[in-house]
Amino acid sequence: RTEINKKIYRVGKNMKDSEGKNASTESDLTEKAITPLGGFSHFGEVTQDFVMLKGTVMGPRKRVITMRKSLLPQVSRTAVEKISLKFIDTSSKFGHGRFQTSEEKAKFFGGAVAKKAKTESKEEEA
């Protein structure tokens, strides 16, 4: 099971080091975590350091993978281009997710969801 030339988009810090705000970009300044609302399907929440790759990685979601630097120098145009992410989608991956943060969802729906968001923010402050 060997794959070569995977493009690395981002290497991110864990939730504690980045205070839960590890999905912001230069263009999208919204403070949000890399984990989508409701978590990744069949995985859960990302709490440790992570690597965002282009494409897919074979195997189960929680399989440990080993990465190493390429033996040959990468000289193609796509390999040496500078990557600047403009937006990271953190909407729910279950159903028709359209909200990027739980605060955005609470603001739209109001009611019980808004109360839940308020209590969560109070708990974070304490």
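The chain exposes about 10,400 Å², of which carbon and sulfur atoms supply 54% (accessible areas follow the Shrake-Rupley method with a 1.4 Å probe, and for residues only the protein chains shown count as cover). The structure is a predicted model, in which local features require pLDDT of at least 70 and side-chain atom pairs count only at pLDDT 80 or more, while totals for chains, interfaces and linings use all residues. Residues are numbered from 1 along each chain as its sequence is written, and side-chain values use heavy atoms, with hydrogens and water left out.

The secondary structure comprises three helices and two strands, taken as DSSP runs numbered from the N terminus (helices: H or I, at least four residues; strands: E, at least two). From the N terminus on, the order of the elements is β-β-α-α-α. The C-alpha trace spans about 55 × 30 × 30 Å along its principal axes. The radius of gyration of the chain is 18 Å, whereas a compact globule of 126 residues would have a value near 14 Å (taken over C-alpha atoms; the globule rule is 2.2 Å times the number of residues to the power 0.38). Of the contacts between residues at least 6 apart in sequence, 58% join residues at least 24 apart, a contact being heavy atoms within 4.5 Å.

Buried residues account for 23% of the 126 residues in the chain (buried, under 20% relative accessible area; exposed, over 50%; partly exposed, in between; 1.4 Å probe, protein chains only). The largest nonpolar core consists of five residues, Ala23, Ile34, Val46, Phe50 and Ile88; such a core is a set of buried Ala, Val, Leu, Ile, Met, Phe, Trp, Tyr and Cys residues joined through side-chain atoms within 4.5 Å. With residues up to four places away in sequence not counted, Val46 touches Met15, Ile34, Thr35 and Phe40. Thr90, in the loop between α1 and α2 (102-109), counts as buried because its relative accessibility is 1%.

One salt bridge is found in a search of the whole structure (a side-chain nitrogen of Lys or Arg within 4 Å of a carboxyl oxygen of Asp or Glu). Lys32 forms a salt bridge with Asp28, with the closest N and O atoms 3.0 Å apart. Both Lys32 and Asp28 are buried. Glu31 lies in the loop between β1 (8-12) and β2 and counts as exposed, at 54% relative accessibility. Leaving aside neighbours within four places in sequence, Glu31 is in contact with Lys21, Ser24 and Thr101. The C-alpha atoms of Glu31 and Glu19 are separated by 9.7 Å, the two residues being 12 apart along the chain.

On the surface, Ile8, Val11, Val51, Val57, Ile65 and Met67 form a nonpolar patch with about 500 Å² of accessible area together. Patches are made of residues with over 30% relative accessible area and no salt bridge, like charges being joined within 9 Å and nonpolar side chains (Val, Leu, Ile, Met, Phe, Trp, Tyr) within 5 Å. Met67 lies in the loop between β2 (50-53) and α1 (77-80) and is partly exposed, with a relative accessible area of 43%.

Asn5 has a positive phi, near 60°. This residue lies in the segment before β1 and is exposed at 54% relative accessibility. Phi of His42 is also positive, near 60°. His42 is located in the loop between β1 and β2, and its relative accessibility of 69% places it among exposed residues.
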